[in-house]
Each structure stands twice: as structure tokens, then as C-alpha cells.
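Student: I would like to learn how to read salt bridges in a model. Could you take me through a case?
Tutor: Here is the structure to work from.

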Amino acid sequence: MPTRLLLLLCLTGLVFAKKPPDVDCYVVHMEYVHCSWNKQGTPEVNYTFHGRFGSAPWRECTMYLSENGTITGCNHLYQNINDRFGSFYTILKHGSDESKKQHELRYKVKLYPPTNLTVKLGSDSNLWFYWNQSHSGCVESEVRYRINNKTWNSDPVSTGIQYYCINLPSDSSLYEVQVRSKFGRDCAESQIWSEWSQPVAWGANNSTDKSKPKDSSMSAWTPVMYVLGALTLILMVMMLLHYERVRIRLMPVVLTPKFNQEWISGSDNPKPFYPDYTERVCPVRDYTLVSQSSSDSSDCSTSSVTTDQTDCSIPMPLDGSDLSTSCSSSTSTVSVSSEGPEKVSV
């Protein structure tokens with residue numbers, strides 16, 4: 001009886017014993033092999049991992065991955081880069097329990113996400129997206145974009161192409177784009193896509209990065225800046241006119257001479273002109289020499305010459321009472337008249 005019970009318990013333990021979890025491996029960006037065994041959940045125990053390429057000796061993992069203190073995976077480094085597409089063998093072991101598996105990694109290569117994704121509005125009014133992928137020769141890409149945060153639309157990109165175009169975008173709409181890559185058919189098509197790249201956006205806010213300031217938000221402030229500038233200019237002009245009495249003249253003022261109508265009127269008796277200045281008086285004299293006669297000895301000459309003289313250095317008396325002088329000897333006299341020319345008799 002005890003023997004039968006012990007045998008039953010052993011059979012029951014074998015039935016309910018858990019197998020080691022399944023191991024899944026793939027190549028990461030042609031650098032190392034990543035293996036994990038937590039697809040069915042975090043294991044209850046820590047397993048040890050061994051791997052090898054072809055007939056190479058077994059090597060235990062040197063870079064375990066853990067989750068909540070439990071080992072869930074391993075990054076197995078290459079020893080020979082030429083083995084990266086060969087058959088890879090793994091052993092997952094805990095105590096007496098172990099699981100062996102063969103992996104064909106040729107179709108399981110996962111690349112890093114594309115980098116430096118940028119967007120530019122071309123001169124043809126189309127929206128162009130560019131990115132970088134270190135393994136570009138055999139890599140094909142997939143682009144997904146959405147407009148105004150709606151459903152994603154996906155488009156494939158041919159092998160070796162690292163750009164994408166959206167025709168005639170609307171500046172009033174917001175475009176968001178992401179890219180992912182994998183090895184194409186020309187280099188043993190991979191079954192695993194890379195992760196999606198960081199998104200870039202363009203459109204309603206005219207920006208290639210959501211974390212950067214938006215250009216269109218700046219353009220929305222442009223009319224406000226214009227209005228403030230105009231108001232400032234008007235205020236400055238008003239202040240100048242008020243405090244400095246500045247007159248803005250478009251054309252110079254031409255002065256028009258003012259004539260006294262009484263001067264040019266046709267009146268018979270115009271009013272006399274009175275100057276408002278004084279001028280030194282210059283006397284003007286006319287001298288006439290009269291010929292000598294036999295009967296009159298009062299003449300002073302025998303010839304007659306008329307001469308006009310002006311002498312401004314001699315003051316001229318205001319009346320003609322003292323204008324008589326003696327010419328020569330006994331009978332010579334000078335008679336001067338205030339109204340006519342002077343006559344000198346010898």
C-alpha cells in the first residue's frame with residue numbers, strides 16, 4: 001500500500017511538472033543575438049542560458065536580462081561575425097530540467113529605428129520627409145502618417161530609398177509621420193520590423209518637432225505686432241507735434257509780394273511818397289560863361305562854356321540868399337538863382 005501510494009504521487013508530479021519556457025531569439029542590428037523566454041509570462045524560477053553557433057562550444061550567457069528580480073532573457077554576443085546568419089542553438093536549464101532549441105536567424109534580424117527624421121516643404125509645394133538608416137543598401141522602409149490626429153495611413157518605401165513625399169499638403173492641417181525599417185528581399189527578407197522612429201509633425205503649427213516652438217504661432221502674432229507698431233508710430237508723431245511744434249510741410253511756401261493798390265491805381269492825384277530813410281543832399285550846379293562885351297565890364301570871360309558839376313562834399317544851403325560871390329576885380333559878380341542855372345559874369 002505505501003509503495004502504490006508513492007508510485008501514484010510520482011506519476012502525479014510528472015504530469016503536473018512545468019516544462020521550461022520556450023526561447024525566442026533574433027539578431028539585433030547585426031550586433032548581437034537577443035533571446036528571451038517570458039512571452040508566456042514571467043517564469044517562476046531563474047534559468048541558466050547557454051548558446052552556440054554551429055559546432056562551436058557552448059557558452060553561458062554573460063549579459064542576463066531580468067524583470068522584477070527574475071531572469072527573463074539574454075544578450076548573446078558574437079565571437080565570430082561570420083556566424084551571425086548561421087544556425088544558433090540554445091539550452092535553457094533549471095536543475096535537471098532543460099530545453100534545447102535550434103534557431104534560424106537569417107530571417108530574424110531586427111534593425112534599430114531610423115534616425116534623424118526631418119521634414120521639409122519643397123519648392124514644388126510638396127512635403128518631403130528624410131531619414132537615416134545605417135544599413136541602407138538592403139533595407140526597405142514603411143512610413144505611416146496621420147492628419148489632424150486621425151487614423152494612421154501606411155505606405156511602403158522601396159529598398160534603398162530614405163525619403164517620402166506627401167503631395168500638396170494643407171498648411172491648415174497637422175501632419176504627423178513615423179518610419180520603421182527591415183531587411184528587404186535582396187538580403188534575405190527579415191520577418192521583424194524595427195521599432196517606429198520618433199514622430200515629426202508639420203502643418204497647422206509649421207513645426208518638425210512638437211517640443212519646439214511653432215512657426216505658425218509666431219505668424220499668428222504678426223498682425224498684432226503690426227498694429228502695435230502703427231500705434232506706437234502715431235503716438236510718437238502726436239507727441240512731437242504737441243511738445244516740439246513740428247510742422248510737416250510737403251512743399252515750401254512761396255511768398256507773394258504785397259502791392260499798395262494806391263500806388264498803381266489810375267487816380268489823377270496819387271498820394272506823395274514819403275521815404276522812411278534819410279540821405280545826404282548833393283548840390284548840382286550848372287556853370288555858364290558869358291562872352292565879354294565892350295560896354296559891360298562886369299563879365300568875367302570871353303568864351304562861353306557850359307559845365308555840369310556835382311559836389312557832394314560841400315554842404316548845400318537850404319535857401320538861395322547867400323549864393324553870391326565875387327568873381328575877380330572891380331565889377332565882377334556872380335548871380336545865383338535858386339530856380340535856374342548859375343551865371344558867372346566877368
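Tutor: This is a predicted model. Begin with burial: glutamate 142 has 15% relative accessibility, and because buried means under 20%, this residue counts as buried.

Student: What does glutamate 142 form a salt bridge with?
Tutor: In general, side chains of opposite charge can pair when their charged atoms come close. Here the partner of glutamate 142 is arginine 180, with the closest N and O atoms 2.8 Å apart. Glutamate 142 belongs to strand S12 (residues 139–147) and arginine 180 to strand S15 (residues 175–183), so the pair ties together parts that lie 38 residues apart in sequence.

Student: Which side chain does arginine 146 meet in a salt bridge?
Tutor: That of glutamate 176, at 2.9 Å from N to O. Arginine 146 is in strand S12 and glutamate 176 in strand S15, so this pair ties together parts 30 residues apart in sequence.

Student: Are arginine 146 and glutamate 176 buried or exposed?
Tutor: Both arginine 146 and glutamate 176 are buried.

Student: How should I read the pair of arginine 185 and glutamate 189?
Tutor: Their closest N and O atoms are 3.9 Å apart, and the pair counts as a salt bridge because the cut-off is within 4 Å. Arginine 185 is exposed, at 64% relative accessible area, while glutamate 189 is partly exposed, at 29%.

Student: Which residues are linked with Arg185 and Glu189 in a network of salt bridges?
Tutor: Glu140 and Lys182 are linked with them in that network.

Student: How many salt bridges does the structure hold?
Tutor: It holds nine.

How values were computed. Residues are numbered from 1 along each chain as its sequence is written. This is a predicted model: local features need pLDDT of at least 70, side-chain atom pairs count only at pLDDT 80 or more; totals for chains, interfaces and linings use all residues. Side-chain values use heavy atoms; hydrogens and water are left out. Helices (H or I, at least four residues) and strands (E, at least two) are DSSP runs, numbered from the N terminus. Buried means under 20% relative accessible area, exposed over 50%, partly exposed in between (1.4 Å probe, protein chains only).
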